[in-house]
Structures are given as structure tokens and as C-alpha cells.
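The following paragraphs walk through one protein chain, from its overall make-up to a few local details.

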Amino acid sequence: MLLCTYVSQVLVVRIFGGIRLEHVLRKICDRWDNLCIGSFSLSYVLDGSDCKLDNEESFDNMVYLYPTTDRIHAKVEEIKSCSGRTVGSISSGGTLGSISSRVEVEREEPLEEFCRHAETRFLTAGWANLIHEVGQVFIGGVRDFRRSLQRYAIENGFMYDLVKNDKYRVTAKCSISSCGWCVHAILDRSSKQFWIKKLVNEHGCGSTYRTNKHKRVTSSLVASEVTSMVQKKNNTSPTDLSFDKLRWYVEAAKIANPGSLLKLEVDPVSKEFSRLFVSFNACITGFNHCRPFLCLDGTHLKGRFKGCLLAATGKDILKTILSTRPITFISDRNHGLVSNIPAVFPDCHHTYCLYHLQFNLKDHFPGRFRQGYRNRLVKLFNAIAYAPSVSAYMICEAEFYEHGGDKAKTFIASVPKQHWTNAYFQGHRYGEMSSSAIESFNNWILAARLMPIMNLVEELRSKIMIQMSCRREEASRWVSQICPDMDAKLAKRIDKGRSWRVYKSKTGLYEVKSVPAVLVNLEEGTCSCGAWQYNGFLCAHAATVLVKTCGAEGSLAGYIDPFYHVEAYRLTYQDNIHPVLAMDILDFTEGSTRVIKAPKNRRQAGRPCVKRIRSRGEEQSSARPMKCARCHKLSHHNRRTCKEATDD
């Protein structure tokens, strides 16, 4: 046995007949990733003197001098002045010096000095030469060979198929049939050694490039590689991110995106991070062409330092800030928002999310009430919210009280009607009764919420940048005057009123003989059904009047709010968010130059919560889906209650 010692660690290499120095050197390189052939020296002690193992002849002499010795102690020493990896193999007369002289040293381009990328050293760096020559022996037998072959293919970026695979022989070929790469290893029954008998180690498929994904990377493989690392470091924990980098990021983002608003606040006493506000110029200018309607919500961050991400989401764009226009806010009735929005934005309007109010209503009627009864109350409550006039509101409210009694009256009294009903709301909601857009946004950034703050901000910037670019390209292909989705809705509404008769009362005032009959005022832009003025988009009655009186559908666009026009959509996404380059990022360390400290947080007991915390009153289905014996689908019904159409 040859015991190779390096930095208080020992590698045992078995010495057997026919073994070469190259095999030993490659074993050392595989064991320590920072070493490569030509970057270290190998020596042993003979009669008190150091003998270098620098060529095959010196290695043969060592084996000849110690034929009966069980252990030979060798020392591995790194050559500080040497760099690079070896190219080629060791010849019988070649020395380590001659090998290192053949190492290809890549000259660094002068411009690369200004765009230095952090060198990433993968755990797989030592796998590149696990399979390298005919005669190579695998001490662990067939399992050792399979393990080495798997890792070799992952690092070199190719897939292989096993033609033969048993405990006596393994034959593998490149998965691409036109490629000639193959390896054949067998078990020597006399010596019980598993060795490579045939190897064609050249690829003709051009697929030997390492990628981020590989089918041979299994969970067991990852576990085997990481387990030893974790065992050596008992206090393994998430890396502490220096919050000082936010200082650089704020300034760099402003330079890359002029006109953007980024504000970093730090506790003046403790010097701990407090909050960061980010709004890019492309979002600010884009919101001027969107409907003045914003969804407000906060979502908890799941990283080490916790925190909360507060987002303002427009219907057409994300992460926006306000202009001078009166804005309609919609939220889940958070106490902080209810008290602060009127104080900060006195000229704006605040409406409550109907979706959350429904859950609050169900929670107001606890479990002793039947589910069907509570669903009936929710339906009546929705009718109150959508009632287009005060008279309609009173009728719906009376019916709600009739079914809900005093508890229903108590709930209505607790929610000011000017914040959630169409009849009393003074602002414009454009038909949006719930804050589903912000819930969609929170789900969209689900993975980013687990990241440290620096990565979180950059991930959000990248996602919004990509989304704006995609929508800009999509809008450039539209040929209609109204956005496609709204244009399709308009066509359906026109078709709906084909059988209705229209009578003129005076200029701009028409009666539509539908069931029931309604009154349309073109000059004021209103309809007695309430849909036109509340949504800012033509209802079926108004569209029918315009088509039958003007005689052309092309004139309808002038009666539709400009926010629904293709031109407004294009203006929303005309500006783009620029990447924040990290070429000149400062070297932030944990030394005395650190200014911003990480916020103090105390880890809560138990497993961290990842799933969304449901609102009070929101129902949770505890039953698992089962496979129906009739329709063969995973669902919450069985053969007896199945209503799916089948071929029977």
C-alpha cells in the first residue's frame, strides 16, 4: 500500500503488478480537487533521504526496493508556482517537469480584467479523469466502476447506454449511435480485480460539454456527495449575506435605469437593515398608461432573516408607483392600510377585496351553521356588492337580512358600505372586485421569497424585465384597435344584443328593449344596468345602441376607456428595465468597513412554514383525491356520485 499524505489527510493507493505512476497521480488528483498533474510533487523516504517520484523509472525503483513492505509513506507537496491542468498522459520516460511544461496556459484577455466572474468550483471537478486508460483497475470492483462511469459522464457532459451490465462485465456506449465512444470492463477471476479491457475515449458526437442538467444525477448521488461535507461541518447553516451589498446595488440600479426610485433605510442606532423601496423607471412611466387601479398586499419572506415583501400590483404591470392621478386601492382590509391610505392619499379611494370579505362572512357564521347555509349567505352578500344602484342595494340587503338575521346585520355594520359596494363606492374599480392580481403576483415570486434579500431584489428585477419584454413583443403583433381579450368580449356583447330593439328618446339617449328594458345615455357614458360606468367598457346594451345607430362597429372604440386600447398597452411596455451589471461591485467583507448589519431575528420553533396561510373562514379540503372507478380520474367523487361523461 502507498500512503499519500497531503494536508493531514491520507490517500491509500493499492500497489499491484503493472500499476503505473500515472495511475497514482490521477488518484491523487481525484482525491484533492485543487491538485492537478504538474502542480504537485510526490516523494518518499529512503535511508533518511527524500526520493522524488517524478517519472515512471523512479516509481519502478521504489516498487523494486520495497517488494515486501506493506506500507510505503509518500508525501504530496503543492508546487506554488505551477498552475493549470495537464494535457495528455505520462510517458515512460517523461517527468513531471516535462508534463507541466506541456500544460496549456490560457492568456487572459485585457478586457476580462473589467468583467471578472467569480470562479465556481464544482464538487464534480475531480470526476473528469475517472475513466482514462486501458488497464485501469477499480479496487471496489464492479460497483466502483459503475460509480466512476456515472460521475465521469456527468462531468464530461454525455449520456451512455449499458450494453452489458452484470457483476462480471460492463459495456457502455455513447447514447448517440453515430459516436464511437465505448468502454468495456471485466472482472479478472484470478486476481479478483475489475479493470478496463477496452476503451475508445474519443467522442465524435460533439456532446462532451458539461451542462447544468444530466439524467444520471440522482438523489442518491447528490446525497452521497453532500453527506460527508455536512458531517465534517456540524454547524452547517445558510450563508450570511452582507447587507452592505444593497448600498452598491441601489446606486448601480439607478445608474443602469435612470429615473428609477430606490430608497434604502437603515436603523440609525443599531445600523441594522430596516427597509428597501424599489420602483424602476419603466414601471413608473408604464403605469401612467394603465388604469389607475392598484392592488396592495404583503407576503412573508421565507429566508433566514424573514421580513415582509409589500407589493403594489397594477392590473397591467407589476411593481409600480403612483402618479398624480386619483388612484383606487384594493386590499384585504389590513389594519395598517385601512388607517394609513386615507392619511397618505386623501384624494384616492380604498376598496376592500370581495374575495376576502366572503371568508370573513363565513368566519362570522361558525361551524355550527351548515355549509349550504353559509354558501347561500355568500351568494346574497355578493348580490349586495354588485347592486348597481341604491334601490337595488336596499332590495338585496333586505333579502340578506331575512336569511342571516341579527348576525348578518352585525357583519354589514362592521364593514363600511362605501368601501365595497358598487352603489356607494365613489371611485372607479373597472370591474375589479377582488385583489386576485396581487395573489397571482405572490404565487409568481414564490421561489424568490426563499432567497436572501440581495438575490430577491435581483430576481424580481429579472422577472419583471423578462415579462415586460415578452409583452412588448406580443403587443407589436396586434392589429386590432382594442386589446385582443377585450375585443373578443366586445364581439360577444354585440352578438348578444342582435335581437334587441333600440328606440331613440332624444340626442344621445336611447331605450333598449331587452328583458328587462334599460336606458343608455351616450353623452354621459352610462347605462341603467350599471356595467358601462363601473367597468369603463361598453356593456351589451351600449354596444347594441352604437352598432344599430351608427351602423359600424369601428366607431365603438371612441366610447371605450383608452386603457383598453392597444396603443395604451404598447405605451405601458415601451420602456425596458436594464440589467444591473456586477462588473464593478465592491469587495464587501465582514471587517470594520461593514456599515449595514443584518436584522436580528429569532428562529421560531418547529419547521418553517412554506405554504400560504389561509384567511379566516377559508375552507380547507382535508380529503385526499381518489381515483373514480367509473371515469378513472383523480377527484373527490366515487363511482356512485360520478357525473363525468364516458364512452359507455
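What share of the contacts in the chain with a separation of 6 or more comes from residues 24 or more positions apart? Such residues account for 59% of them, a contact being heavy atoms within 4.5 Å. The model is predicted, so local features need pLDDT of at least 70 and side-chain atom pairs count only at pLDDT 80 or more, while totals for chains, interfaces and linings use all residues. Residues are numbered from 1 along each chain as its sequence is written, and side-chain values use heavy atoms, with hydrogens and water left out.

The chain holds 17 helices and 22 strands; these are DSSP runs numbered from the N terminus, H or I over at least four residues for helices and E over at least two for strands. Of its 648 residues, 39% count as buried, that is, under 20% relative accessible area with a 1.4 Å probe and protein chains only.

Helix α9 covers residues 354-364, and its buried residues include Leu 354, Leu 357, Phe 359 and Leu 361. His 356, Gln 358 and Lys 362 of α9 are buried as well. The buried residues of α9 pack against β16 (349-352), α10 (371-386), α11 (390-414) and α12 (436-444).

Within this group, α11 is kinked by about 125 degrees, centred on Gly 405; the bend is the angle between axes fitted to the seven residues ending at a residue and the seven starting there. Tyr 393, Cys 396, Glu 397 and Phe 400 are among the buried residues of α11, as are Gly 404, Ala 408, Phe 411 and Ile 412. The buried residues of α11 pack against α9 and α10.

Further along is a helix pair. The axes of α14 (residues 484-496) and α16 (residues 540-550) come within 8 Å and cross at roughly 75 degrees; axes are lines fitted to C-alpha atoms over the stretch in contact, with angles from 0 to 180 degrees between N-to-C directions. The two helices are therefore roughly perpendicular, a term for angles of 65 to 115 degrees. Leu 490, Arg 493, Ile 494 and Lys 496 of α14 meet Ala 540, Ala 543, Thr 544 and Val 547 of α16.

Finally, Asn 257 lies in the loop between α6 (245-256) and β11 (261-266). Asn 257 is buried, with a relative accessible area of 3%. Beyond its neighbours within four places in sequence, Asn 257 is in contact with Phe 280, Asn 576, Ile 577 and His 578.

Notes:
Buried means under 20% relative accessible area, exposed over 50%, partly exposed in between (1.4 Å probe, protein chains only). Angles under 35 degrees count as roughly parallel, over 145 as roughly antiparallel, 65 to 115 as roughly perpendicular and the rest as oblique.
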